[in-house]
Structure formats: C-alpha cells, structure tokens
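Here is a short report on a chain and its fold. Start with the view below, then read on for the sheet, the helices and the charged pairs.

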Amino acid sequence: MTTITPELKTFMETLWGAEGLEIDTPFGEGIIHSVRTKAGIDLEVRVDFGGRDVGTRSGMRVFSGIELFEFHASK
C-alpha cells in the first residue's frame, strides 16, 4: 500500500492536467499523450516518445503515476 504524502498528492494532481507536456521517464523524455484513472489513487500515463524505440512498435509506453513519482523522487 502506498502512503499518500503531500508530495505524491501534488505530483498526481500535476499529472492529471499534463496532457501535451514533456516528462522525464526511465526511458528518456517524452510527451504525455493521455492520463486516466486506475484503481485506488494511481493514474495511467501514456507517454509518446515520437516513434523512438522504447520496446514498443508505436513509440508509446504506459506508466503508472506512482512509477513516475518514484522515478522523479529518486533523482
């Protein structure tokens, strides 16, 4: 279970309205294509890497909001 800290809450609120903005991910920088809710407090974030090979044919990858938060918190 993830503890909802003020930092996590702020990060998730920022992600919610971030379609079209650039984000740094474990696979490099990409553009947030869409954000939608998942179970509990998490969000699903589709990131477009502009056709760059990130292990998918479309150049898009799906991340959880918590995964992205942990990545940014570890930097």
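## Charged pairs and the sheet

At 48% relative accessibility, Glu13 counts as partly exposed. The cut-offs are these: buried means under 20% relative accessible area, exposed means over 50%, and partly exposed lies in between (1.4 Å probe, protein chains only).

Some ground rules come next. This is a predicted model, where local features need pLDDT of at least 70, side-chain atom pairs count only at pLDDT 80 or more, and totals for chains, interfaces and linings use all residues. Residues are numbered from 1 along each chain as its sequence is written, and side-chain values use heavy atoms, with hydrogens and water left out.

**Salt bridges**

Side chains of opposite charge can pair when their charged atoms come close. A salt bridge here is a side-chain nitrogen of Lys or Arg within 4 Å of a carboxyl oxygen of Asp or Glu. How many salt bridges does the structure hold? It holds four. The table lists some of them.

| Pair | N to O distance |
|---|---|
| Glu13 and Lys9 | 2.5 Å |
| Lys75 and Asp24 | 2.5 Å |
| Asp42 and Lys38 | 3.7 Å |

Take Glu13 and Lys9. Both sit in helix H1 (residues 6-16), and because they are four residues apart, about one helical turn separates them. Lys9 is partly exposed, at 46% relative accessibility. Helices (H or I, at least four residues) and strands (E, at least two) are DSSP runs, numbered from the N terminus.

Now take Lys75 and Asp24, whose side chains meet in a salt bridge. This pair links distant parts of the chain, 51 residues apart. Lys75 lies in the segment after helix H2 (65-73), and Asp24 lies in strand S1 (residues 22-25). Lys75 is exposed, at 61% relative accessibility. Asp24 is partly exposed, with 22%.

Is Asp42 buried or exposed? Asp42 is buried, with a relative accessible area of 11%. Its partner Lys38 is partly exposed, at 39%.

**The sheet**

Strands of a sheet pair through backbone hydrogen bonds, either parallel or antiparallel. Two strands count as paired if DSSP finds at least two bridges between them. In what order do the strands of the open sheet run? The four strands follow the order S1-S2-S3-S4, with antiparallel pairing. S1 and strand S4 (60-64) stand at the edges, each with a single partner strand, so one side of each has no neighbour in the sheet. From one strand to the next, the twist averages 45 degrees.

Walk along the pairs. S1 and strand S2 (residues 28-37) are joined by four bridges. Ile23 stands opposite Gly30 in S2. Two residues make the hairpin link from S1 to S2.

S2 and strand S3 (residues 43-48) are joined by six bridges. Ile31 stands opposite Asp48 in S3. Five residues lie between S2 and S3 in their hairpin, and Gly40 in the turn has a positive phi of about 70 degrees.

S3 and S4 are joined by five bridges. Arg46 has Val62 in S4 as its bridge partner.

**Helices on the sheet**

H1 packs on the sheet and touches S1, S2 and S3. Contact means heavy atoms within 4.5 Å. The direction of H1 makes about 90 degrees with that of S2. H2 also packs on the sheet, touching S1, S3 and S4. The direction of H2 makes about 85 degrees with that of S4. Axes are lines fitted to C-alpha atoms, for helices over the stretch in contact, and angles run from 0 to 180 degrees between N-to-C directions.
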